[in-house]
Amino acid sequence: MQLQVSNSPFNQEQAELLNSLLPSLTETQKIWLSGYLTASLSVSNTSSADAPVLEAQSGGKTISKEVTILYGSQTGNAQGLAENAASKLEGNGFQVTISSMSDFKVNNLKKTENLLIAVSTHGEGDPPDNTLSFHEYLHGRRAPSLEGLRYSVLALGDSSYEFFCETGKQFDKRLEELGGTRLFPRMDCDLDYDEPASEWLEGVISSLSEGQVSSAAAVPEAKASVGEKTSYSRTNPFKAEVLENINLNGRGSNKETHHLELSLEGSGLTFEPGDSLGIYPKNDSDLVDMLLMELDWDPEETVKVNKQGELRQFRESLISDFEITVLTKSLIEQAAQLSGNEDLKELLKPGNEERLKEYREGRDLLDFVRDFGSWGESAQEFVSILRKMPARLYSIASSLSAYPDEVHLTIGAVRYESHGRERKGVCSILCADRLQPGDLLPIYIQHNQNFKQPKNPDTPIIMVGPGTGIAPFRSFIQDREESEAKGKTWLFFGDQHFVTDFLYQTEWQKWLKTGVLTKMDVAFSRDTDEKVYVQDRMREQSGELYEWLQKGAAVYICGDEKNMAHDVHNTLIEIIEKEGNMSHADAQAYLEDMQQNKRYQRDVY
Amino acid sequence: MVNPLLKAPAGPPSDVEQIKERSDYLRGTLGKVMQDRISAGIPDDDNRLMKHHGSYLQDDRDLRNERQKQKLEPAYQFMLRVRMAGGVAQPSQWLVMDDLAQKYGNGTLKLTTRQTFQMHGILKWNMKKTIQEIHASMLDTIAACGDVNRNVMCNSIPFQSEIHSEVYEWSKKLSDYLLPRTRAYHEIWLDEEKVVATPELEEVEPMYGKLYLPRKFKIGIAVPPSNDIDVYSQDLGFIAIVENGKLVGFNVAIGGGMGMTHGDKATYPQLAKVIGFCQPDKILDVAEKIITIQRDYGNRSVRKNARFKYTVDRLGLEPVKAELENRLGWKLGEARTYHFDNNGDRYGWVKGMQGKWHFTLFVEGGRIADINDYKLMTGLREIAKIHTGDFRLTANQNLIIADVSSQEKEKIIELLETYGLTDGAHHSALRRSSIACVALPTCGLAMAEAERYLPVLIDKIEAIVDENGLRNEEITIRMTGCPNGCARHALGEIGFIGKAPGKYNMYLGAAFDGSRLSKMYRENIGEEEILKELRVLLSRYAKERQQGEHFGDFVINAGIVKEVTDGTNFHD
């Protein structure tokens with residue numbers, strides 16, 4: 001750590017002297033020096049004001065400068081925020097221990113004085129995979145009393161889901177129940193989390209620093225170091241050129257899955273297999289125009305689109321800056337306040353929660369405006385309650401070592417009919433219908449430490465990726481081909497029809513031939529009278545699969561969470577139970593242990 | 001057994017010979033590769049063996065480039081051909097084929113130029129089920145392709161029913177007698193358990209031997225005056241000799257075949273030549289011995305010179321005949337006189353023996369399908385449900401609803417009318433005398449369109465025909481997508497062989513009765529030139545022809561093309 005005026009009790013000159021001396025010391029010298037200083041201090045026993053104050057008093061209570069940050073992250077957002085908080089806190093002189101919840105030794109919890117939690121919520125209010133054991137421990141009987149713990153929770157979520165930030169809320173509540181006190185109130189963040197997250201961090205730092213010497217001065221802007229390696233980031237996306245856009249599904253398919261190749265040239269962006277790519281899409285202009293027809297304002301009127309005061313034409317802002325395809329509860333509440341619509345107020349009354357939930361399902365802003373009218377006095381007021389256009393995350397389908405300066409994606413087109421109108425996935429249909437080679441797409445890399453190949457290239461891997469879940473495994477295999485990894489590889493893939501939906505078929509065939517891919521099993525659910533899925537293929541080969549597990553294979557699952565991931569999870573337990581002659585509970589423990597050891601990783605959505 | 005005066009060509013065995021050698025009597029690794037789920041295809045070696053099981057791998061060539069870009073393998077699918085001697089199918093069998101085409105095929109059936117059903121578009125995982133269902137209907141696909149005796153053809157003449165049934169029985173006996181004996185088919189497709197080979201059982205193929213034949217082998221039986229099966233195009237042709245209403249025996253013709261290779265004058269179509277006569281009950285013996293001669297002396301080094309016609313031309317007709325008689329242990333009789341009128345079909349209703357009726361339906365390109373308002377496939381399905389006679393697939397890709405009783409006839413007529421199925425009388429006689437092979441998109445050999453294009457071309461030729469008052473003039477017109485000649489182009493009065501997309505070699509001058517080959521008239525021409533040429537030729541024919549002179553004869557008599565007197569001067 002570099003000593004500065006802002007993060008230490010020293011003046012400029014002292015800090016510089018120490019900075020030049022300290023790095024040259026050996027461990028023994030450091031120990032000797034600290035002993036010498038402490039001894040001299042106790043001998044002199046002065047109470048002078050210029051004595052260094054390492055610990056400050058606050059309300060008579062000692063505040064430790066040790067802070068533990070735990071994160072639970074599915075896509076990497078919470079982890080990124082946790083890492084950012086860690087570096088800021090270190091910059092403010094705190095000693096930070098940062099860890100994912102799954103890596104954290106729960107015994108240490110009792111000794112922890114300051115705990116920060118950054119956690120996302122997944123699916124229907126579920127905790128992310130790498131929080132499961134910690135979550136269970138904390139909510140179980142073995143949870144310790146946490147009197148004396150000071151904590152704060154940063155919760156991430158998506159307000160279009162019913163159980164918004166549920167996991168964060170649960171941790172927040174539970175820590176309180178166990179005797180902890182909040183050093184800063186929980187912050188629930190929606191998809192555009194940057195502003196609330198930095199507000200939370202400032203609050204936390206200021207609370208932790210209260211009463212400390214020069215704490216007030218310490219708080220301001222020590223810029224986040226995460227992502228500083230590249231100038232492009234989530235908040236400053238790179239405009240990547242589209243090199244290729246191919247529909248991977250053959251004629252006659254029910255599916256439309258686009259293979260997108262983007263250029264990263266000049267971006268300095270790097271990624272590893274398992275990482276994701278964020279895309280900032282645009283809304284369908286047809287949909288925006290339909291919405292504009294319901295509104296009285298001039299499409300060319302200028303509106304402010306963010307706190308920085310950036311200006312845009314109203315129509316353009318609805319295309320580029322705001323989300324118009326999802327109705328969040330909070331949007332409806334704010335709209336009700338602004339419009340005063342009686343029906344809307346009625347819908348929001350206690351007791352109507354079910355009706356409200358039902359109404360929100362499968363409807364968008366156009367439906368809402370048609371049903372309840374507009375709100376606000378101006379276009380500006382109208383957009384003021386809209387969510388910022390959130391980025392869409394896609395698992396990266398290529399490897400930088402195989403395709404330097406490129407990133408490939410596998411995007412399934414989402415189209416469905418709802419309430420009498422055809423609905424289109426914002427980003428997927430942009431890619432399917434409108435994106436042409438040569439177009440530019442704002443993107444950023446979302447690192448995901450929770451979906452990484454084993455460190456040891458000899459470790460066998462089992463990959464389960466039906467549908468677009470195949471994407472990261474294309475990246476894995478490309479990477480292994482380049483690095484000549486020796487570990488065996490086994491891929492399970494499934495979709496509807498063999499003839500039209502075997503994504504990247506010729507590539508897998510090639511890799512099977514060259515041996516980069518050891519084994520592949522496919523299940524096409526609509527080719528046979530009886531539907532066959534990947535988990536059926538796994539079950540058919542349970543003996544061999546268990547053998548792989550026993551030999552240390554790591555298992556990766558990517559794709560649909562609701563059905564596939566759950567079924568595959570249960571199938572794994574079933575296989576372990578059967579082939580390992582174990583009780584159900586032991587099989588579960590076996591899989592949990594794998595998870596703990598990063599041998600069972602999921603990237604599900 | 002081997003005659004020292006005769007020799008097989010020297011040279012290393014061709015790739016297919018080696019594949020057969022390794023195959024353990026046509027098994028190869030078919031059992032295993034058919035189980036593989038990663039590709040709908042099978043390796044080339046196994047595909048060569050697959051032919052002997054009546055099928056081979058194809059892909060939809062229309063989609064080839066598109067799918068490659070999509071990172072999908074070619075749209076692999078199997079063609080499956082039924083062994084059905086003489087083209088006779090029971091209504092129950094028709095219904096099974098119809099059902100399989102809907103369930104596993106591309107929803108259509110092809111009636112081939114060798115009188116059998118062909119299905120396209122069957123996926124690998126449906127092959128076993130399909131073959132098993134065909135087997136359950138008392139048909140099979142054994143030896144429908146490959147280096148063995150193929151489907152035995154037989155005249156389907158409707159008005160001589162008694163002779164027909166007798167001749168048909170012989171074609172069936174030939175078909176069964178000449179089958180490969182290996183159990184490979186039963187093991188791979190019908191789940192028969194493999195018998196562990198003992199030394200005695202090693203003699204699996206007493207006639208074919210381990211390597212089977214050097215090339216495919218085709219047999220057909222004609223009943224004069226109809227040469228509908230193009231007896232001269234067969235490796236081995238039998239011409240039924242009927243005297244006083246009784247079948248007395250067969251003239252034997254050997255060494256015909258249509259295939260050739262563009263640009264290779266060592267390959268050519270050839271007509272079979274009559275070498276003698278045999279009693280009906282000697283037909284199996286003659287066929288077996290001819291086949292063993294081809295087995296022993298055929299070219300196993302160069303496949304495109306491996307057909308029996310080249311063996312005969314190389315060894316000479318007389319030495320082959322002598323060798324045959326040597327192997328038979330008796331001499332052929334002197335060939336009897338016979339006369340052919342034509343090689344086409346007679347359409348519409350005719351009354352046969354025992355008061356039974358037969359209806360010959362015009363099926364353009366042999367394709368049984370529901371296309372727009374023309375519900376041919378549905379109509380035939382409905383007919384098959386009530387029909388008590390049988391169906392006969394003709395060598396000209398048409399269909400005879402045969403053995404209809406007087407009572408049944410009314411119901412059949414009603415169904416024919418309901419679905420608009422006819423003898424094609426509203427078409428020109430030229431269209432009704434047309435044949436096209438499958439070609440694109442499924443045939444891997446096709447260089448140009450045939451079945452999909454010929455009807456379109458005929459639309460335009462019909463205008464010329466009408467201008468010249470030739471609407472009722474039967475002129476045989478045949479189009480084949482490559483020079484292998486499944487549509488017997490060299491025996492069409494107007495013949496086309498595909499050269500490249502939209503380009504054809506045009507041939508003229510074959511005999512109306514199938515007794516003379518055609519000659520190339522124009523090379524590598526497109527539709528515009530084809531029509532330009534035909535406008536001149538047909539107009540001349542209309543004006544200058546003699547009474548009863550067929551178009552094929554006219555072009556020779558008028559000096560438009562030179563007469564081909566033998567396959568060996570086809571290219572001159």
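1. A quick word on terms before the sheet: two strands count as paired if DSSP finds at least two bridges between them. Helices (H or I, at least four residues) and strands (E, at least two) are DSSP runs, numbered from the N terminus. With that in hand, V555(A) stands opposite Y600(A) in β23(A). Strand β22 (residues 554-559) of chain A pairs with β23(A) in the parallel sense, over five bridges.

2. Some ground rules. This is a predicted model, where local features need pLDDT of at least 70 and side-chain atom pairs count only at pLDDT 80 or more, while totals for chains, interfaces and linings use all residues. Residues are numbered from 1 along each chain as its sequence is written, chains are lettered from A and ligands numbered from 1 in the order in which they are written, and side-chain values use heavy atoms, with hydrogens and water left out.

3. Back to that sheet in chain A: five strands make an open, parallel sheet in the order β21-β20-β19-β22-β23. At the edges sit β21 (519-524) and β23 (600-604) of chain A, each pairing on one side only.

4. Two cis peptide bonds in chain B deserve a look. One joins P224(B) and P225(B), with omega about 10 degrees; P225(B) is in the loop between β7 (219-222) and β8 (236-243) of chain B. Another runs from L440(B) to P441(B), with omega near 10 degrees, and P441(B) belongs to the loop between β18 (434-436) and α15 (454-467) of chain B.

5. Check the positive phi values too. A143(B), a residue other than glycine, has phi near 60 degrees; A143(B) is buried, with a relative accessible area of 2%. Q354(B), also not a glycine, has phi near 50 degrees, but Q354(B) is exposed at 69% relative accessibility. The loop holding Q354(B) runs between β11 (348-351) and β12 (357-361) of chain B.

Conventions. Buried < 20%, exposed > 50% of the residue type's maximum accessible area, 1.4 Å probe, protein only.
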